[in-house]
Amino acid sequence: MNPIQKITSSHLYTQLATSRKARIVGASAVMLTMVAFGAVAVAPMAPDASDLPVRSIDQNLEMPDLSSQITALEQVDQNFTHEEKVRAGDTLATLLTRLGVDDAAAANFIKTDKVARNVMLLKTGKRVQAQTTENGELNWLRATMVDGTDKSVKNIMITRKGDKFVASEVAAQLERRVEMHARKITSTLFAATDSSLDGTRLPDTISAQIVEMFSTNIDFRSDVKRGDSFNVVYETFWQDGEFVRAGRILAGEFTNRGKTFQSVWFEDPATKQGGGYYSFDGKALKKAFLKSPLQFSRISSGFSMRSHPISGQWKQHKGIDFAAATGTPIRASGDGVVDSVGMQNGYGNVVVLKHWSNYSTAYAHMSRFASGLKKGQKVSQGDVIGYVGTTGWSTGAHLHYEFRVGGVAQDPAKLNVMAQAPLTPAELSRFRMVSADMMHRFTLLRPNDTALAAR
């Protein structure tokens, strides 16, 4: 063999015997070198910044005429909007001063106008907005009024019209919210409702409803003790982010001395025949009719034969007379719909309500009707429908009350009408959806005690 060939073969063998790692590294280096040269070949050559041409521009800029702008602004009327809350002890003068109003004509209008003077009746904490000129003249003033029953809500608007003012009332467009709260009794029920540990103090109307809701099972004067608790779900109504009033309790449960009582409001959306409170198994909790349509009164004449006070004839008195002062509020004795409202001969001003099944009630000799009451209107038990008077064939102020079955007056003392109309199968199905939602809310209020909710 040729020595040269021998040496070459040996060297080739040695190269082939090198490690696989070395061969991979070598190949990678060759590839990277080729990529680098390719990048240099295709990359454009960027110019040096110092070689770029420089151009100077010299220009006079005209400054704006500030004096003319200021003059123009001074010629435009400046208006200012203020908002204040009514404070305890406020007079009209102090309220208007805080609102920036310095306008004797506006103050005099508010004092004398029938609608505008309601501003002086606003409760502490209510918001009032006003817009004034830079001299304090009133452009407009707006406030929200809630009546004594917390049901009617109106916006009062006072607006300047030239040199005069006009005032108007508009029904408020309210936002409905549902709130739920849990409370534990440490001293009294009302101390618990006044507590604001969770950031909310329960409204007084809700406290009153709690007492009314559970008073048939709990004597709130003597039965409530430290350690009792209650959960409540109720509706509230708001306008522009401000609380306006509380509504109805939608569900409540009260644990007294280890025993829990529950109630849920149900108003069937299909029948729209009025609502009521039920147990969670669908049983009505309140009586169908009140014993008396008047809160404080006495019976002056019962359902019996008597000598008519005007004609002197001996005849059947087909109703119950409740003696009371003129103007005493008359309440609907049960849920129902207004069947008629108006003047009817000897009855004078009379309202007839149609209730469930074939029951109806009549209220006669009223001095006047409740504001806005009309035929077809739905009323709930306890709603004021009119006021005691002496219209028609009457010798003195009293309420003549009739309880009718199938249109015929009956003695209510002899009728066994104890509960509301029972729910039909279809109503019961819809009720269960409502009660399940309220039970879920109660579970959220008492997350560590779900045993009751599971039953």
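Tyr-277 has a relative accessibility of 16%, and because buried means under 20%, this residue counts as buried. Trp-265, at 10% relative accessibility, counts as buried too. These values, like everything below, come from a predicted model.

Trp-265 is part of strand β9 (residues 259-266) and Tyr-277 is part of strand β10 (residues 276-278), so the contact ties together parts that are 12 residues apart in sequence. Phe-266 and Tyr-278 form another edge-to-face pair. Here Phe-266 lies in β9 and Tyr-278 in β10, so this pair also ties together parts 12 residues apart in sequence. Both Phe-266 and Tyr-278 are buried.

| Aromatic pair | Centre to centre | Angle between planes |
|---|---|---|
| Phe-266 and Tyr-278 | 6.3 Å | 75° |

Aromatic residues also group elsewhere: Phe-214, Phe-220, Phe-230 and Phe-254 make up one aromatic cluster. Two rings have an arginine over the face. Arg-177 sits over Trp-238, at 4.2 Å from the ring centre, and Arg-245 sits over Phe-237, at 4.3 Å from the ring centre.

Strand β7 (residues 229-239) is mostly covered, with 10 of its 11 residues buried. On one side of the pairing scheme, β7 is joined to strand β6 (residues 175-184) in the antiparallel sense over 10 bridges; Met-180 has Val-233 of β7 as its bridge partner. Strand β8 (residues 242-256) also runs antiparallel to β7, with 10 bridges between them. In that pairing, Val-232 is opposite Gly-252 of β8. β7 and β8 form a hairpin with two residues between them, and Asp-240 in the turn has a positive phi of about 55°.

The largest nonpolar core holds 22 residues, and Val-119, Val-128, Leu-141 and Ile-158 touch the most other members. At least two residues of this core come from each of α4 (92-98), α5 (104-112), β2 (127-133), β3 (138-146) and β4 (153-161). Leaving out residues up to four places away in sequence, the contacts of Ile-158 include Phe-109, Ile-110, Ala-116, Val-119, Trp-140, Leu-141 and Phe-165, as well as Asn-139. A second, separate core has 20 residues, among them Leu-294, Ile-320, Ile-330 and Phe-403. In soluble globular proteins, nonpolar side chains tend to be buried together.

Methods. Residues numbered from 1 in each chain as written. Predicted model: local features only at pLDDT ≥ 70, side-chain atom pairs only at ≥ 80, totals over all residues. Heavy atoms only, no water. Core = buried A, V, L, I, M, F, W, Y, C linked by side-chain atoms within 4.5 Å. Buried < 20%, exposed > 50% of the residue type's maximum accessible area, 1.4 Å probe, protein only. Helix = DSSP H or I, 4+ residues; strand = E, 2+ residues; numbered from the N terminus. Contact = heavy atoms within 4.5 Å. Pairing = 2+ DSSP bridges. Phe/Tyr/Trp six-rings, centres within 6.5 Å; stacked < 30°, edge-to-face > 60°. Lys NZ or Arg CZ within 6 Å of the ring centre and 35° of its normal.
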